[in-house]
Amino acid sequence: MDFTLSEEHISVQQAARDFAQNDLFPGVIERDIETRFPAAQVKKMGELGFMGMMVSPEYGGGGMDTLSYVLAMEEIAKVDASAAVVMSVNNSLVCWGLEKYGTEAQKTKYLTPLASGEVIGAFCLSEPEAGSDATSQKTTAEDQGDTYLLNGTKNWITNGNSSSIYLVMAQTHPELKHKGINCLIVEKGWEGFSVGKKEDKMGIRASDTHSLMFSDVKVPKENRIGEDGFGFKFAMGTLNGGRIGIAAQALGIAAGAYELSVKYSKERKAFGKSISEHQAIQFKLADMRTRIEAARLLVYKAARVKDMGHDYVEAAAMAKLYASEVAMWVTTEAVQIHGGYGYVREYHVERMMRDAKITQIYEGTSEIQKMVIAREILK
Ligand code: CAA
């Protein structure tokens, strides 16, 4: 498979790198401490075209391929994993799903403002009792003719409060199990819809994660995505691409921590020489770089497979599984290389280690990715 980057790929990568350095790096520690959403930075991401990268220009997007998206995601996640997840959910779970499966009217009304970054979207699948076991949806969408009556609670929703548009999975025909689930587009401010508590998280603390409550929310039937009962297929189909985005986020976190470690190891002296001259550190750097490169190849491969129009379920799951494990391992080693400095906020790597953990959990835990891969092997 050819991973040669085109001139366009390189310029997208450079634009994301510049934006991350100039706009995300200043204040990244403070936003983490204060759990402050990067509102101004996300607005600028929209202006620069990072919020709807793969959406066709007809709907206000960048019309780019998945590889461009992962290149930008990696650069942004190197510096600020919180901003990266805001971008990832909007791009791959909300915009991509709407463009692929939405009606013309839904695209005109909802996709256009989402793709331009004018508003942000959220993907609402997880529930208090339905995380990995996503078919067990308890939220209900009762068919009332022209509308659905939506009732239930969603948990751990990224962009929970900052969003204006929510894609909500809910059960309409419980007897049909996952084949009875629908995906409904819900707008913030509709009667009966409220945003619950903000989660106090270990990492990605500047992204806002909330529970959401729906109490007799009337959703017009034209806001259902796809045929009756298509909601679970919609969620799974969309998550396949989402997993490539999170894999790229994990890759970025690992690469960011690695770059800081190389720099620090050259500057820090111990036993009369820079620590980079000690073999104990050299071996760590060599292992970090090798694993990051392997993760990068899996992420690029998943993006390429998707761009070529082939089935990418397995490639996406493998990229997410491996890149997230690498992110956790590399950031832990980065803290070790930094020693005491690594354990304090000022040196960034402790935040990266906390940020890395979620990549093994959201958009399907590592265990779920293994289930998906095993099913692909054995089917
Ligand atoms: N792609 C396409 N279709 C898929 C699929 C995939 N990756 N995984 C499952 N499906 C389909 C199956 O083919 C099946 O379809 P049919 O009935 O037509 O055959 C249907 O979905 C149900 O699948 P299973 O019978 O395998 O059901 P299961 O309960 O045994 O397993 C699961 C389902 C794979 C575990 C699924 O529940 C799952 O992926 N769970 C993880 C949920 C998840 O990723 N949540 C992320 C939340 S969003 C988030 O995290 C965003 C954020 O904040 C950043």
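Guide: We'll go through some strands, a pair of helices and the cavities. Keep in mind that this is a predicted model.

Visitor: Strands, then. How do β2 and β3 pair?
Guide: They pair in the antiparallel sense, over four bridges. Strand β2 covers residues 140–143, and strand β3 covers residues 147–158.

Visitor: Which residue in β3 is the bridge partner of aspartate 143?
Guide: Tyrosine 148.

Visitor: And what do β2 and β3 form?
Guide: A hairpin, with three residues between the strands. Look at glycine 145 in the turn: its phi is positive, about 95 degrees.

Visitor: How many bridges join β3 to β7?
Guide: Nine. Strand β7 spans residues 209–220, and the two run antiparallel.

Visitor: OK, helices. At what angle do α8 and α9 cross?
Guide: Roughly 160 degrees. Helix α8 is residues 279–307 and helix α9 is residues 313–342. Their axes come within 9 Å.

Visitor: Why is α8 called roughly antiparallel to α9?
Guide: Because angles over 145 degrees count as roughly antiparallel, and the crossing is roughly 160 degrees. So α8 is roughly antiparallel to α9.

Visitor: Is the crossing left-handed or right-handed?
Guide: Left-handed.

Visitor: What classes of residue are in that contact?
Guide: The contact of α8 with α9 has 20 nonpolar residues, one polar and four charged.

Visitor: Which residues line the largest one?
Guide: Val28, Asp32, Asp80, Ala81, Ser82, Ala206, Arg351 and Asp355. The elements giving two or more residues to this lining are α2 (28–34), α5 (81–101) and α10 (349–358).

Visitor: And by class, what is in that lining?
Guide: Four charged residues, three nonpolar and one polar.

Visitor: What lines the second largest cavity?
Guide: Met54, Thr66, Tyr69, Ser92, Trp96, Gly241 and Lys306. Here α4 (66–79) and α5 each supply at least two residues.

Visitor: How many of those are charged?
Guide: One. This lining also has three nonpolar and three polar residues.

Definitions and conventions:
Residues numbered from 1 in each chain as written. Predicted model: local features only at pLDDT ≥ 70, side-chain atom pairs only at ≥ 80, totals over all residues. Heavy atoms only, no water. Pairing = 2+ DSSP bridges. Axes fitted to C-alpha atoms, helices over the stretch in contact; angles between N-to-C directions. Parallel < 35°, antiparallel > 145°, perpendicular 65-115°, else oblique. Left-handed = near helix turned anticlockwise from the far one by under 90°. Nonpolar A, V, L, I, M, F, W, Y, C, P; charged D, E, K, R; others polar. 1 Å grid on protein atoms, 1.4 Å probe; cavity = no way out; pocket = protein on both sides within 12 Å on 5 of 7 lines; lining within 4 Å.
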